[in-house]
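Welcome! Open the model in your viewer, keep the selection tool handy, and follow along stop by stop.

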Amino acid sequence: MPNQLQLPLSFLVGASVVFYIGTHVLWRGFGAHRPVYALSRGALLGLPIVLIALWLTLQSHAGLGVSVLMTASVVMVTLVLGVSAMSAPDDDGLASPSLRLLVPIAAAVFIAGMSGELRLSHALLIGVVTSAMLLSRPRDEVVTGTRRVGSGHIWLGVICLIAGAIILSQAVDALVKLPIVPLVAPVIVPLTILAAVGLLVGDVHARSNAAVIDTVVGCVIGLLGVGLPLVILTGTLAAPLYADLDRSYAVLELAPGLATTAPTAPPTSAPAGVPEAPLITMPLATWRIDAVLLVVLAGLLFPAGMGKASLGRVEGMFLVLVCVFFMIVTVLTVRG
């Protein structure tokens, strides 16, 4: 096992360095600690995780891709937002109307996962909810800073994040072959957002409190409102192709003597004993833990989105403890 982990660990270290550089460049492009369009900054922050989820889907691990998106969303709302809130001065807690957007997106994902099977109709539902809540957001809440956007830095940051995702995919390729497959999400998610934690704390110290929340919410929207429908769409379109390949291989294995006489076109139905193409599903543990927890957290944070409360050190400590509890439950669930 140690020898098997050397290569993926090397890729993980390399990817974390690239993510660190890309995140800092991205922050600079959006105006550093006085950002412009913090929601967009957050959405781009989640780009590597979305790419990894899509790559896992193309590798016939769609369920794992869904888990990665859900785990990343929970970590953003608990750990990242919690550490930021803990850094806020006593007289200035974190609050932003963007927190209201967590409720519909969390509810849509929870409803989509109730059946276990994720279809194009579920992707459409999540897409419609995401579009509706973004369009209904007041225009004057979009810009949270006054500095100009540096498009060159943004593009360079995006390129770094994509490069990091490619490197990380090589580590994931090795990890999925090991018995720790269900723990892939808790391993890779923190690497992609680690640099953002310190930068968001810097935003808090610069009194850009609303931008901190907008960045976190924008990342969650990018992961679930955009990334999850893309995973469903990609998995649905790719499933027939994988099914045809599996059936062709099954025919050759069940009747190798027909290899020279069988037609080149794949059979229209699977031979006896050959399973049909797998559906795109949300793992049961992911729905029971991640989806439910997101709905609960979105409800608890809703008053801060309505301006009736703010997130201070106590609330931040609570969110961090929730993240620790979430990780422990995830590990125990996998081991069980």
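Which helix gives the largest share of the nonpolar patch? Select helix α9 (residues 209-254), which supplies four residues; helices here are DSSP runs of H or I, at least four residues, numbered from the N terminus.

Before going on, note that this is a predicted model, where local features need pLDDT of at least 70, side-chain atom pairs count only at pLDDT 80 or more, and totals for chains, interfaces and linings use all residues. Residues are numbered from 1 along each chain as its sequence is written, and side-chain values use heavy atoms, leaving out hydrogens and water.

**The patch.** Now show Leu120, Val226, Leu230, Leu233 and Leu237, which make a nonpolar surface patch of about 430 Å². Zoom in on leucine 120, which sits in helix α6 (residues 120-135). Leucine 120 counts as partly exposed because its relative accessibility is 43% (buried is under 20% relative accessible area, exposed over 50%, partly exposed in between, with a 1.4 Å probe and protein chains only).

**Helix α4.** Next, select residues 62-86, the 25 residues of helix α4. Of these, 22 are buried, so α4 is largely enclosed by the rest of the structure. Stop at methionine 76, where α4 bends by about 35° (the angle between axes fitted to the seven residues ending there and the seven starting there).

**Two loops.** Step back to serine 60, in the loop between α3 (47-58) and α4. Serine 60 is not a glycine, yet has a positive phi of about 65°; its relative accessible area of 52% makes it exposed. Finish at arginine 207, in the loop between α8 (184-205) and α9. Arginine 207, not a glycine either, has a positive phi of about 65° and is partly exposed at 44% relative accessibility.

Key:
Patches are made of residues with over 30% relative accessible area and no salt bridge: like charges are joined within 9 Å, nonpolar side chains (Val, Leu, Ile, Met, Phe, Trp, Tyr) within 5 Å. Accessible areas come from the Shrake-Rupley method with a 1.4 Å probe; for residues, only the protein chains shown count as cover. A salt bridge is a side-chain nitrogen of Lys or Arg within 4 Å of a carboxyl oxygen of Asp or Glu. The expected span of a helix is 1.5 Å times one less than its number of residues.
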